[in-house]
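User: Here's a model I'd like to go through with you. Let's take it piece by piece, starting with one side chain.

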Amino acid sequence: MKTIMITGGNSGLGFECAKHIAEYSDKYQIILACRNEKKADTAKAILTKETGNPNILAMKLDVSSLASVRGFVAQYKEQKLPLLDGLICNAGISGSHTGQTADGFDIVFETNHLGHFLLTNLLLPYMETSAKILVVSSDMHCPPGPKISWPGTAMLAKPDEKLAKSFKRYSYSKLCNLYFVYELSKRLTRIHSAITVNAFNPGFMVDTNFMSKKLMGIAGAIFAKIVDRDGSLDQSSTALAELAMNSDDVQVSGKYYDRSTHLKRTSELSYNTNYALELWNRSVVYTKLSSGETLPGLLEN
């Protein structure tokens, strides 16, 4: 049996992806790692009933809390759950959210990047040698209008008054996803690991509960002018599931899939290796990640 974990798998893209995998074969065990236990249990019940796959687990995980991430991984270890064949970092929030987390970081930065950074690193020792990591990013890493520039990790972690209220924080968090994917891929290759990590863009989807109705109206007006960024929940969730289950001999890593199983280049800014390294190093400091908690040699610069 293969085990795939999906963060934020109780609704939207994560739920539909889980459904496709569960329907494909009961030889797949799916772990729904979600902030809201009640919603996770409900999603588990629905998936089990609709797909006939009994191998669905629900676990509490709040990626906006470093303590929750560490507690989750400790529980995973204590319960002696199977090694992971796949990890889909899907949980996320929009730029309409403001404020700081209990850890003192911007809520969007920690939820969309930092929590998954720590989770992935802590789970690497509990992955199969050929496991697949998929990080849900967005083409909003390069938003419509004037080009964005990298403000530095410190500014994103603890933004000034102006940035703290800006929707641009979402774009920056999706850029962080790409920097994380590209840097982690390089490091895994360097230590001769066959684990792959790639980014996935689901596109702008109106058929999810990711945004509030008010924000959806604003965003919808913008994206109506840029139809090439539209996404379909069914198509994107199907593609994401296929990528998670894909067992091709050719292992692609450090790439970006655009609303499908097809690769696409990202923005010029996203390939800046200096910024990616800066984000990685600061994230290690912020999460207090030690070399003994992840794969040997991964944290060496």
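User: What does Cys 142 count as, going by its relative accessibility?

Analyst: Bear in mind that this is a predicted model: local features need pLDDT of at least 70, side-chain atom pairs count only at pLDDT 80 or more, and totals for chains, interfaces and linings use all residues. Residues are numbered from 1 along each chain as its sequence is written, and side-chain values use heavy atoms, leaving out hydrogens and water. Buried means under 20% relative accessible area and exposed means over 50%, with partly exposed in between (1.4 Å probe, protein chains only). Cys 142 sits at 33% relative accessibility, so the label is partly exposed.

User: And how many disulfides does the count come to?

Analyst: Cys 89, for one, is buried, at 2% relative accessible area. A disulfide here is a pair of cysteine sulfur atoms within 2.5 Å. By that rule, the count is zero.

User: What's the strand order in the open sheet?

Analyst: The chain has nine helices and seven strands, both taken as DSSP runs numbered from the N terminus (helices H or I, at least four residues; strands E, at least two). Two strands pair if DSSP finds at least two bridges between them. Pairing in this open sheet of seven strands is parallel, and the order is 3-2-1-4-5-6-7.

User: How many bridges join strand 1 to strand 2?

Analyst: Strand 1 (residues 2-7) and strand 2 (residues 28-34) run parallel. Lys 2 stands opposite Tyr 28, and Thr 3 faces Gln 29. Five of the six residues of strand 1 are buried, so strand 1 is largely enclosed by the rest of the structure. As for bridges between the two strands, the number is six.

User: What angle does helix 8 make with strand 5?

Analyst: Helix 8 (residues 233-245) packs on the sheet, and its touching partners include strand 1, strand 4 (84-89) and strand 6 (196-201); contact means heavy atoms within 4.5 Å. Axes are lines fitted to C-alpha atoms, for helices over the stretch in contact, and angles run from 0 to 180 degrees between N-to-C directions. With strand 5 (127-136), the direction of helix 8 makes about 160°.

User: How do helix 4 and helix 6 lie relative to each other?

Analyst: The axes of helix 4 (residues 107-123) and helix 6 (residues 168-190) come within 8 Å and cross at roughly 15°. Angles under 35 degrees count as roughly parallel, over 145 as roughly antiparallel, 65 to 115 as roughly perpendicular and the rest as oblique. So the two helices are roughly parallel.

User: What's the relative accessible area of Thr 120?

Analyst: Thr 120 is found in helix 4. Its contacts, not counting residues up to four places away in sequence, are Leu 87, Cys 89, Met 127, Ile 133, Phe 180 and Leu 184. Thr 120 is buried, and its relative accessible area is 0%.

User: What phi does His 192 have?

Analyst: Most residues other than glycine have a negative phi. His 192 is in the loop between helix 6 and strand 6 and is exposed, at 75% relative accessible area. Although not a glycine, His 192 has a positive phi of about 65°.
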